[in-house]
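Subject: Structure handover

Hello,

Please open it and keep it in view while you read the notes below.

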Amino acid sequence: MPDLGPYSNYRITARLELKNKPGVFASVVTMVARQQANLGAVDIVEVTKAKMVRDVTFDVANEQHGEKLIAALKRLKAVRVISVSDNVFLAHLGGKLYVRSKYPITTRNRLATIYTPGVARVAKAIAEDPSKVHILTVKRNSVAVVSDGSAVLGLGNLGALAALPVMEGKAAIFKEFAGIDAWPICLATQDTDEIVETVRNIAPVFGGINLEDISAPRCFEIERRLKEELDIPVMHDDQHGTAIVVLAALKNALRIVGKEIGKIRVVVNGLGAAGMASCQILLEAGVKHLAGCDKDGVVFDTKASSLSLVKKNLRAHIRSGGSGFSLKKALAEADVFIGVSRGNILEPKDLRIMKKNRIVFAMANPDPEIDPGKAMKACRIFATGRSDLPNQINNALAFPGVFKGALAVRASAINEPMKLAAAHAIAHLIRRDQLSEEYIVPSIFDKRVVDSVAEAVAEAARRSGVARAYRKR
């Protein structure tokens with residue numbers, strides 16, 4: 001059974017009816033320990049002379065672990081399982097978002113001010129000067145979170161309906177961390193042309209577009225076309241949010257091991273959305289020797305290509321069918337491994353052929369490319385995408401601040417200088433004397449993150465010529 005760690009995403013509450021006699025609840029506690037679950041809150045619901053009803057909360061490793069625990073409790077003779085509730089599902093009842101008016105409509109005068117006839121004056125003002133829409137409507141602080149449900153988390157093509165709770169969660173993060181009003185938009189199409197057309201048609205409402213959970217390679221074309229056709233920031237977060245945090249983490253890891261970014265050899269495994277964007281930002285940041293792998297092994301290596309041409313069009317340098325050079329061979333003498341692929345494809349022996357002070361980012365979810373317990377003994381610095389391990393590479397460190405900064409200056413795009421600035425800002429929130437092998441990225445709950453990223457992104461937008469306003473948020 002995997003270690004639950006200090007937190008768990010699988011928390012269940014069971015309502016148990018126990019015979020009211022000594023030792024019965026102790027049998028429940030013993031069974032919980034035997035099943036390697038964590039016992040949480042215990043609340044008394046009802047007590048009679050013959051029975052006691054308790055709500056008992058447990059942290060378990062996963063759904064299967066929870067089912068096994070409940071089955072074990074049902075076998076206890078003096079215990080009856082009345083019901084079982086999953087706290088995650090309870091939190092999603094009715095959705096996680098709602099719309100609230102800034103002005104309560106309590107009088108006729110207020111109604112006339114925010115709607116007809118007063119609103120007609122505002123509509124005419126915007127018609128005469130479209131730039132006023134950024135001052136007088138929600139557009140100035142709103143982002144569309146758009147998905148077609150084709151690549152939901154690590155679960156695959158679940159469709160638009162199943163994507164909705166994920167996009168709600170994304171919108172909630174935007175609001176909680178950056179104060180941005182975000183709207184989940186889940187599309188009933190996975191056709192590239194239809195997605196582009198739909199987003200283009202709804203764009204007047206929004207100050208930015210956050211693409212989410214759209215499968216590769218379609219995500220590349222969708223983002224490219226929308227960036228060309230719209231004059232507001234467009235970013236596919238699965239690509240660039242992840243890449244920004246990867247670069248931030250790598251910057252700090254290199255500070256610890258004393259290596260220069262221009263002299264290291266990096267191997268990236270998995271060339272989907274996150275993998276391609278990570279390669280691109282690493283090249284922009286100064287990495288010169290980069291090998292990219294997919295299921296066929298090494299499919300590009302900057303050592304064998306013109307670096308400037310690779311930076312200009314990375315996808316054009318990917319060789320279909322691979323080169324016969326495997327991932328495990330590519331790791332020989334590498335300084336850094338970055339995995340955005342699938343779980344349990346490497347063993348400690350594969351890491352030991354890398355150079356000393358090796359850096360390993362194994363970000364496949366829920367199971368990293370290598371077992372964390374084994375990897376930590378075989379490398380200097382280890383990071384994952386998991387919240388129950390040190391050094392979580394989480395794109396939530398990037399996207400709230402990136403969009404906050406872009407909206408603050410009415411940026412027409414999110415470009416490479418803005419992404420590099422975001423990574424630099426995240427990395428340098430950790431002082432030299434604070435850095436350690438288990439602390440290379442700040443917590444997403446570090447209140448400095450969003451504003452630091454936003455300020456850096458806004459300044460980069462100004463310097464790169466895509467800023468159109470200079471207001472402070």
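The notes below cover the salt bridges, a nonpolar surface patch and a pocket.

This is a predicted model, in which local features need pLDDT of at least 70 and side-chain atom pairs count only at pLDDT 80 or more, while totals for chains, interfaces and linings use all residues. Residues are numbered from 1 along each chain as its sequence is written, and side-chain values use heavy atoms, with hydrogens and water left out.

Salt bridges

A salt bridge here is a side-chain nitrogen of Lys or Arg within 4 Å of a carboxyl oxygen of Asp or Glu. By this rule the count comes to 27. One of them joins Arg80 to Glu17, with 3.1 Å between the closest N and O atoms. Arg80 lies in strand 4 (residues 79–86) and Glu17 in strand 1 (residues 10–19), so this pair ties together parts that are 63 residues apart in sequence. Strands (E, at least two residues) and helices (H or I, at least four) are DSSP runs, numbered from the N terminus. Glu17 and Arg80 also belong to a network of salt bridges with Lys51.

Another pair is Arg431 with Asp433, at 3.0 Å. For exposure, buried means under 20% relative accessible area, exposed over 50%, and partly exposed in between (1.4 Å probe, protein chains only). Arg431 is partly exposed because its relative accessibility is 47%, whereas Asp433, at 59%, counts as exposed. Arg80 is partly exposed at 43%.

Nonpolar patch

Tyr103, Ile105, Leu111, Ile114, Tyr115, Val119, Val122, Ile135 and Leu136 make a nonpolar surface patch of about 810 Å². Such a patch takes residues with over 30% relative accessible area and no salt bridge, its nonpolar side chains (Val, Leu, Ile, Met, Phe, Trp, Tyr) being joined within 5 Å; areas come from the Shrake-Rupley method with a 1.4 Å probe. Helix 4 (108–114), helix 5 (118–128) and helix 6 (133–136) each supply at least two of its residues. Val122, in helix 5, is partly exposed at 32%.

Second largest pocket

A pocket is an open set of points on a 1 Å grid where a 1.4 Å probe fits, with protein on both sides within 12 Å along at least five of seven lines; lining residues have an atom within 4 Å of a point. The second largest pocket holds about 1,300 Å³ of space, counted as the space filled by probe spheres set on the points. Its lining has 31 residues, with Arg100, Ser101, Lys102, Val138 and Asp181 nearest the centre. Helix 5 gives the most to this lining, with 5 residues.

Regards

Technical notes: Patch = residues over 30% accessible without salt bridge, like charges linked within 9 Å, V, L, I, M, F, W, Y side chains within 5 Å.
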